[in-house]
Amino acid sequence: MKSINRLKEEHRIIERGMDLLRYFCAQLSHQQCVASNDLSMLLDFFRDFADKWHHGKEEEVFFPFLIKKDNHLEQGPVAMMLHEHEQGRNYLAQMRQAMQQAKWEVFLEAASEYLTLLSAHIQKEEQVLFQIATIYLDNDSDEQLWQQYHHLEEAMGEAFYSHYAAVITALEERYLGSKE
Ligand SMILES: [Fe+2]
Ligand SMILES: [Fe+2]
């Protein structure tokens, strides 16, 4: 099911961003300075790639597909996922503000909440929602979702994905050592 695999692949990239955020938090909690340009780039990644690009697909295409197949899902699992997307946006905004004001305690608190939320969120999607989706997805609907993802991606710009994939790779090489 390529439409599900696409979301899973994006989760793996988001998790690489989460590892980088953990690294920055460890530095900050040991009173080490961090390069604010790089941290800012990482926050941009979560705002643009994790939220706009990935959650955008879920909210515009994937969740509506599930609700169309079973409207009981709207009040349960899908409502919970939407709420968690919103909570994530709030934590991100808190991190951004704390970074700009150099309030690192506040930053660490928000980042810790964000990381806990996002890893549980990804797990719930993969273990519950993606499993439900495989019941309803046939080849035609899989292709339709794939095309709808593609339209959203086109609207955001071709370079969007490659830019953020390159950002994550560059930050990994700088801070975590090459993964090659
Ligand atoms: Fe999600
Ligand atoms: Fe997701």
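1. The contact between two helices comes first. In this predicted model, helix H2 contributes Ser-36, Leu-39, Ser-40, Leu-43, Phe-46, Arg-47, Asp-51, His-55, Glu-59, Phe-63, Leu-66 and Ile-67 to its contact with H3. On the H3 side the partners are Leu-73, Glu-74, Val-78, Met-81, Leu-82, His-85, Gly-88, Arg-89, Leu-92, Met-95, Arg-96 and Met-99. By class, the residues of this contact are 13 nonpolar, five polar and six charged.

2. On the geometry of the pair: two packed helices are described by the angle between their axes and the distance between the axes. Helix H2 covers residues 36-69 and helix H3 covers residues 72-100. Their axes come within 11 Å and cross at roughly 165°. Angles over 145 degrees count as roughly antiparallel, so H2 is roughly antiparallel to H3. The crossing of H2 past H3 is left-handed.

3. Leu-43 is one of the H2 residues in this contact, and its place is in helix H2. Leaving aside residues up to four places away in sequence, Leu-43 touches Leu-92, Met-95 and Arg-96. Is Leu-43 buried or partly exposed? Leu-43 counts as partly exposed because it has 19 C-beta neighbours inside 10 Å, and a buried residue needs 20 or more. For a distance along the chain, Leu-43 and His-54 are 11 residues apart, and their C-alpha atoms are separated by 15 Å.

4. Which separation do the C-alpha atoms of Ser-40 and Arg-96 have? They are separated by 7.7 Å, although the two residues are 56 residues apart along the chain.

5. Now the chain as a whole. The protein chain has six helices and zero strands, and read along the sequence its pattern is α-α-α-α-α-α. Its radius of gyration is 17 Å, close to the 16 Å that the globule rule gives for 180 residues, so the chain is as compact as a globular protein of that length. The C-alpha trace spans about 50 × 35 × 25 Å along its principal axes.

6. Two further totals concern packing. Of the 180 residues, 26% count as buried. Among contacts between residues at least 6 apart in sequence, 76% join residues at least 24 apart.

How values were computed
Residues are numbered from 1 along each chain as its sequence is written. Chains are lettered from A and ligands numbered from 1 in the order in which they are written. This is a predicted model: local features need pLDDT of at least 70, side-chain atom pairs count only at pLDDT 80 or more; totals for chains, interfaces and linings use all residues. Axes are lines fitted to C-alpha atoms, for helices over the stretch in contact, and angles run from 0 to 180 degrees between N-to-C directions. Helices (H or I, at least four residues) and strands (E, at least two) are DSSP runs, numbered from the N terminus. Angles under 35 degrees count as roughly parallel, over 145 as roughly antiparallel, 65 to 115 as roughly perpendicular and the rest as oblique. A crossing is left-handed if the near helix is turned anticlockwise from the far one by less than a right angle, and right-handed if clockwise. Two residues are in contact if their C-beta atoms, placed from the backbone, lie within 7 Å. Ala, Val, Leu, Ile, Met, Phe, Trp, Tyr, Cys and Pro count as nonpolar, Asp, Glu, Lys and Arg as charged, and the others, Gly among them, as polar. The radius of gyration is taken over C-alpha atoms; the globule rule is 2.2 Å times the number of residues to the power 0.38. A residue is buried if 20 or more other C-beta atoms lie within 10 Å of its own, exposed if 12 or fewer, and partly exposed in between; C-beta atoms are placed from the backbone.
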